[in-house]
Amino acid sequence: MANFKKEYKQAWTSYTEEDLKILFDYADRYKSFISENKTERECVRTLVKQAEEAGYRNLEELIKTDTKLSAGDKVYANYLDKALILCCIGEKSLEEGLRLLGAHIDSPRLDLKPNPLYEDTDIALFKTHYYGGIKKYQWVALPLAIHGVVAKKDGSMVNIVIGEDESDPVVGISDLLIHLAGEQMQKKLSEAITGEDLNVCLGTIPLQDKEKDKDKEKEKEKDMVKANILNLLNEKYGIEEEDFVSAEIEIVPAGRARDYGLDRSMVIGYGQDDRVCSYASFEAQLEVVRPLKTTMTVLVDKEEIGSVGASGMHSKFFENTVAEILNLVGEYSSLKLRRTLAGSKMLSSDVTAAYDPNHPSVLEKYNAAYLGKGVVFNKYTGSKGKSGSNEANAEYVAELRKMVEDNHIIWQTSELGRIDLGGGGTIAYIVANYGMDVIDCGVGVHSMHAPWEVTSKADLYEMRKTYVAFLKNEFR
Ligand code: MN
Ligand code: MN
């Protein structure tokens, strides 16, 4: 009897020993990447280095020297050290459209305020302003690290990473002891810890003035603990208090990503939204070396706050880069640029909610993503009647179904949660404005936006395979 039923498969049971080796090796590379790159700038720096080693050249240099590009040439464009585009020129004309992978490299975190440092009762602290959607109560009572850059008046940049090396100190935000939390425990979760409560503890030792005559009656000087912290920072990084005004310093969970589960089937780590898709896109981009259609991977910043700003997907940076590349292959015109963009196909890669037995009520189980059931396609996102969503065209989805089937990829489809509970957007709706085919694609996550997020290694593996297949795929 014919069986017309669709069954979404568990990926783990389909693997050979060889598959498993490739899968776990990939997960190890991915864990290293997210352990060592916890800000958008760190991601760009590391990926530019790896891209250069793979033969990618800086677009800015090529523009200056008017170096022409042809099939097989590889270029990258680094925008403000926070967004990155990688491109490999295909055999066919660009006007026939690009194969685009897009993901974001910013993640929820706590940013330092412009005047962050203060002292209260002989404790020095940093004031923070949270970035992106966080549950504030999740960021207290855990070890935190300090990552970022300080731009100095003389034009030099100082890189800061404190709290990742085993020998480094870490910092953190205190929570109220349960014994005195009677009032706090009655509050709503959203109010129990407020944004202004997220102050990072830095130290408690006051600066001692060694030149001062010990016998002389000491004048009590103000804020000597803060002064001591400034001294430490000046010794190590050569910075002073005013330098914080031109700094981008992010407070993130300290420590490395790790295997999760007794069977090591999952990864727990910070910033998997959306470095999990960014890293897979990057590896796929590098792997496909002589593409038919020009391939491009776009890794953007600011997705977590609406894709705004110069380094976000709404920025003209993407369009300008495509125009520059068209120019260097000798095909630029305003009309050709529009045709290139409109004729492109894109996987807008981002994470989605995976069904969680601890919180079953928020997902509709027939249209939920599951850990270990492969790469996820979201035909649409949005909230309340698909509002704010890019909905992928049925014809495009059909072609992708054929692509994953032809490449033996295990896949699933989902909606982000039950109707009217909430929702979210990605970068898909922005590039859809060019008229191109674009769909949301990625992996399911547990504890999304928490300091430590969880993904399935099988899903990572299937996602990476999907991206490689997509960059090579011939669409109708
Ligand atoms: Mn995301
Ligand atoms: Mn997010």
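Visitor: How many bridges join strand E6 to E9?
Guide: Three. Strand E6 covers residues 123–131, and the two strands run antiparallel. Bear in mind that this is a predicted model.

Visitor: Which residue stands opposite Gly-203 in E9?
Guide: Ala-124.

Visitor: What's the strand order in the open sheet of six strands?
Guide: The order is E8-E7-E10-E5-E6-E9, and the pairing is antiparallel.

Visitor: Which strands stand at the edges?
Guide: Strand E8 (157–162) and strand E9 (200–203). Each has a single partner strand, so one side of each has no neighbour in the sheet.

Visitor: And how are neighbouring strands turned against each other?
Guide: By 30° on average, ignoring direction.

Visitor: Which helix lies across E5, E6, E7, E8 and E9?
Guide: Helix H6, residues 224–237. H6 runs at about 125° to E5.

Visitor: Switching topic. What domains does the assignment give?
Guide: Domain 1 is 12–107 + 270–472, and domain 2 is 109–253. Their C-alpha centres lie 35 Å apart. Twelve residues from domain 1 and 14 residues from domain 2 make up the contact.

Visitor: What about the largest nonpolar core? Which residues touch the most other members?
Guide: Tyr-76 and Ile-85, out of 112 residues in that core. Helix H12 (residues 457–472) gives the largest share, seven residues.

Visitor: You mentioned H12. How many of the residues of H12 are buried?
Guide: 13 of the 16, so H12 is largely enclosed by the rest of the structure. H12 reaches 23 Å from its first C-alpha to its last, close to the 22 Å expected at 1.5 Å a residue.

Visitor: Which strands is H12 touching?
Guide: E12 and E20, as H12 packs on their sheet. The direction of H12 makes about 65° with that of E20.

Visitor: What's the order in that sheet?
Guide: This open sheet of three strands goes E11-E12-E20, with antiparallel pairing. The edge strands are E11 (258–260) and E20, each pairing on one side only.

Visitor: Over how many bridges do E12 and E20 pair?
Guide: Four, in the antiparallel sense. Strand E12 covers residues 266–269. Ile-268 stands opposite Val-454 in E20.

Visitor: Now the backbone. Which peptide bond is cis?
Guide: The one from Asp-273 to Asp-274 is cis, with omega near 10°. Asp-274 lies in helix H7, residues 272–287.

Visitor: What about phi of Lys-302?
Guide: Near 65°, a positive value in a residue other than glycine. Most residues other than glycine have a negative phi. Lys-302 sits in the loop between strand E13 (295–300) and helix H8 (317–328).

Visitor: Is Lys-302 buried or exposed?
Guide: Buried, because Lys-302 has 24 C-beta neighbours inside 10 Å, and 20 or more is the cut-off.

Visitor: And His-449: where is that found?
Guide: In the loop between strand E19 (444–445) and strand E20 (453–456). His-449 has a positive phi of about 70°, although it is not a glycine. With 18 C-beta neighbours inside 10 Å, His-449 counts as partly exposed.

Terms used: Residues numbered from 1 in each chain as written. Chains lettered and ligands numbered in written order. Predicted model: local features only at pLDDT ≥ 70, side-chain atom pairs only at ≥ 80, totals over all residues. Core = buried A, V, L, I, M, F, W, Y, C linked by C-beta atoms within 7 Å. Buried ≥ 20, exposed ≤ 12 C-beta atoms within 10 Å, placed from the backbone. Expected span 1.5 Å × (residues − 1). Pairing = 2+ DSSP bridges. Axes fitted to C-alpha atoms, helices over the stretch in contact; angles between N-to-C directions. Contact = placed C-beta atoms within 7 Å. Domains from an automatic or database assignment.
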